[in-house]
Amino acid sequence: METFFWGVGIFLLVNAFACLWRASVGPTVVDRVLAVNIIGTKSLVVLTLLALVFGRGMLLDVALVYGLLNFVITISAGRFMETGRLKGDWS
Amino acid sequence: MIPLVDIRDAVTVVLAVFGAFFFLVGTLGLLRLPDFFSRTHAATKCDTVGAGSILGALAVYSGLDSSTWKVLALVGLVLLSSPTVGHALARAAHRTGLKPWQAAKAENR
């Protein structure tokens with residue numbers, strides 16, 4: 001089973017590097033933010049796979065913090081693009 | 001009588017392969033679709049299903065452990081945050097005047 005988990009993790013890493021191409025050449029800014037968010041979700045899953053393969057529960061906490069940071073970063077980037085500021089009301 | 005461990009491993013493999021397939025579809029959609037709205041349509045939904053399925057497989061594999069609750073919390077976090085992110089980014093792109101792609105005027109892509 002550990003070999004299978006390694007295979008899934010390497011497959012997800014290859015997918016994440018493919019998404020990096022979109023983050024590099026994306027024609028608009030929202031494309032780049034979306035691609036970075038997708039890479040973050042993939043690396044969250046890879047961190048959970050590594051936590052089970054290595055038997056380290058600490059990596060699960062790292063994955064939780066990674067997911068929360070990914071969410072907050074993308075939401076605030078979208079809001080900044082929409083309103084042009086980070087504080088105050090929605091306009 | 002099939003041993004219980006084999007059933008657990010089979011469920012894990014099936015769920016993980018299902019999720020990996022959805023991740024592959026999401027990556028292809030992110031790379032190949034013509035404009036931002038169709039890309040976020042493909043990528044966020046496939047990421048939700050793929051991550052939820054692979055994390056569910058890992059929760060099945062780890063049994064009833066203390067780490068299972070953290071994996072289930074990760075499943076809930078991904079299922080909540082990924083569609084919200086897609087909606088927020090699509091709204092930001094729409095409000096800032098990004099026009100959807102149409103096949104008749106493909107030079108605007």
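Q: Why does Lys42(A) count as buried?

A: In this predicted model, Lys42(A) has a relative accessibility of 1%.

Q: What makes Lys42(A) and Asp47(B) a salt bridge?

A: Their closest N and O atoms are 3.6 Å apart. The cut-off is 4 Å between a Lys or Arg side-chain nitrogen and an Asp or Glu carboxyl oxygen, so the pair qualifies.

Q: Why is it said that this pair joins two chains?

A: Asp47(B) lies in helix α2 of chain B, whereas Lys42(A) lies in helix α2 of chain A, so the link runs between two chains.

Q: Is Asp47(B) buried or exposed, and what value tells you?

A: Asp47(B) counts as buried because its relative accessibility is 0%, and the limit for that class is under 20%.

Q: Which residues is Lys42(A) in contact with, leaving aside neighbours within four places in sequence?

A: On chain A they are Leu12(A), Asn15(A), Ala16(A) and Cys19(A), and on chain B they are Phe23(B), Thr27(B) and Asp47(B).

Q: Why is Leu13(A) called partly exposed?

A: Leu13(A), found in helix α1 of chain A, has a relative accessible area of 40%.

Q: What makes Arg91(B) and Glu82(A) a salt bridge?

A: Their side chains meet at 3.4 Å, N to O, and the limit is within 4 Å, so they pass.

Q: Which residues do salt bridges with shared partners join into one network?

A: Glu82(A), Arg91(B) and Arg95(B) are joined in this way. Over all chains the search finds six salt bridges, and five is the count between chain B and chain A.

Q: How is the size of the interface expressed, and what is the value?

A: The area buried between chain B and chain A is about 3,600 Å², with carbon and sulfur atoms giving 80% of it. The contact takes 43 residues from chain B and 41 from chain A. By class, the chain B side has 27 nonpolar, nine polar and seven charged residues.

Q: What makes up the largest nonpolar core?

A: This core has 24 residues, and Leu12(A) and Leu55(B) have the most contacts inside it. Helices α1, α2 and α3 of chain A, together with α2 and α3 of chain B, each supply at least two of its residues. The largest share, eight residues, comes from α2(A).

Q: Which residues is Leu55(B) in contact with, again leaving aside neighbours within four places in sequence?

A: Leu55(B) is in contact with Leu44(A) and Thr48(A) on chain A, and with Val71(B), Leu74(B), Val75(B) and Val78(B) on chain B. Another core, of 17 residues, lies apart from the largest one, and includes Ile39(A), Phe36(B), Val85(B) and Ala93(B).

Methods:
Residues are numbered from 1 along each chain as its sequence is written. Chains are lettered from A and ligands numbered from 1 in the order in which they are written. This is a predicted model: local features need pLDDT of at least 70, side-chain atom pairs count only at pLDDT 80 or more; totals for chains, interfaces and linings use all residues. Side-chain values use heavy atoms; hydrogens and water are left out. Contact means heavy atoms within 4.5 Å. Buried area is the accessible area (1.4 Å probe) that two parts lose on being put together, summed over both. Ala, Val, Leu, Ile, Met, Phe, Trp, Tyr, Cys and Pro count as nonpolar, Asp, Glu, Lys and Arg as charged, and the others, Gly among them, as polar. A nonpolar core is a set of buried Ala, Val, Leu, Ile, Met, Phe, Trp, Tyr and Cys residues joined through side-chain atoms within 4.5 Å. Buried means under 20% relative accessible area, exposed over 50%, partly exposed in between (1.4 Å probe, protein chains only). Helices (H or I, at least four residues) and strands (E, at least two) are DSSP runs, numbered from the N terminus.
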